Amino acid sequence: MSEPDIVVVGAGIIGVACALQLARQGKRVVVLDPQAPGMGASYGNAGHLATEQVFPIADVSILKRLPAMLLDPMGPLRLDWRYLPRALPWFIRLLLNLRPAYYQRTVSGIRALNEDSLGAWQRLLRSIEQPQLLREDGSLLVFERTESRAGLDALQHRMRQQQVPVDFWSGDAVRQAAPQLSNGIQGGLFFPATGHFLDPHQVVCELVKAAKAMGVQFLRHRVLDGRVGEQRVWLTTDQGPVQASQVLIACGAHSARLTAALTGKKVPLDTERGYHLTLPNEHNRLPFAVTSLERKFIMTPMTCGLRLAGTVEFAGLEQPANMARAWQLHRLSQGLFREDLTAEGAMPWMGFRPSLPDSLPIIDRVCDGKVLLAFGHQHLGLTQAAVTAQMVARLVSSVSMRTSGEYSLSRFK
């Protein structure tokens, strides 16, 4: 293998999208990952292009919910009590970032990425002649309880303050668009500037195909360590040493250790363990992604069936998956449809979503440009992948360019 210009560590949706963009700039690119492309968190995400989600993963109410998070193994947001000592510093940072100025910086940062995400995905999919993989038909947040209306109205007001396109739909309007939903749904918020992917893994595979056509190599190597030299970066892998002029760290929840090795910076990266349950016999139930306000999960129609997703668990990278949380999603769906969903042949899954305490990713170039960073997108990795690839490509093409402070590594002291 000839020495590449850039080694991308991570073959998820972020790493693959970046690799394609960099190859189009004439760079010789190698992508390293111990798994096949797209087989990590990118394989099992909810498939929702979530441009409307401009607020952090938590607010001050998390303090009230902490006892339930520790005691309820099936709750929508769970913290494994065995992981609490390791997670506590991260949660303290999260709470500090809920102070008004920091919170507003987070909202502005997420919104800036999300505002460009739909257009970036449209351009990227058109460039590989696969625009049909994205359905641009909006998404819906529904509610069932009368007492939920006030909170929904407040959310709509906050969304409009952030220039998020949103409309209120009555229960009749909801059922006109999605006739199989139950009469118990009283209404909801419709987000027209969103959409969903018909098969998130296929999206990665199509990008890989386009990248390979541009000369990108994909190698099943596990990166063990690395160091930055005067002229290049050296990586130690389980298949031997690899060197390049630049390295892009885009391996999601596994990015912290290599970032520390190359930059000397300890990043407060933790993991949102996300579960899904795919129902292969449930086609044509929904025209677009639907989220339940009270039940706190999302249902997305895909070519493989109906995918139920949305739980968050903080238990680190080592604990075994608790697949009961995936099956809980089917129980949560009961009563949302005129006829309950069938779980026959259902496939549970768990993946690791990389999360930083301020809910913003790191998109940056450091070490005199030898090290590039693109990770920490929490549950918005799929949404922000295409726009992140554009930003990384600009960082590589400009010697002096840096990202704005909200996405920089230096924000972590």
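This is a predicted model: local features need pLDDT of at least 70, side-chain atom pairs count only at pLDDT 80 or more; totals for chains, interfaces and linings use all residues.
Residues are numbered from 1 along each chain as its sequence is written, and side-chain values use heavy atoms, with hydrogens and water left out.

Let's start with the whole chain. It holds ten helices and 21 strands, which are DSSP runs numbered from the N terminus (helices H or I, at least four residues; strands E, at least two). The radius of gyration is 21 Å, close to the 22 Å that the globule rule gives for 413 residues, so the chain is as compact as a globular protein of that length. Here the radius is taken over C-alpha atoms, and the rule is 2.2 Å times the number of residues to the power 0.38.

Of the 413 residues, 57% count as buried, meaning under 20% relative accessible area with a 1.4 Å probe, protein chains only. Among contacts (heavy atoms within 4.5 Å) between residues at least 6 apart in sequence, 76% join residues at least 24 apart.

Now zoom in on helix H9, residues 324-333. Its buried residues are Arg-325, Ala-326, Gln-328, Leu-329, His-330 and Ser-333. What covers them? The cover includes strands S4 (77-79), S15 (270-279), S17 (297-302), S18 (305-314) and S19 (347-355). Just after H9, Gly-335 takes a positive phi of about 100 degrees.

Technical notes
Buried means under 20% relative accessible area, exposed over 50%, partly exposed in between (1.4 Å probe, protein chains only).
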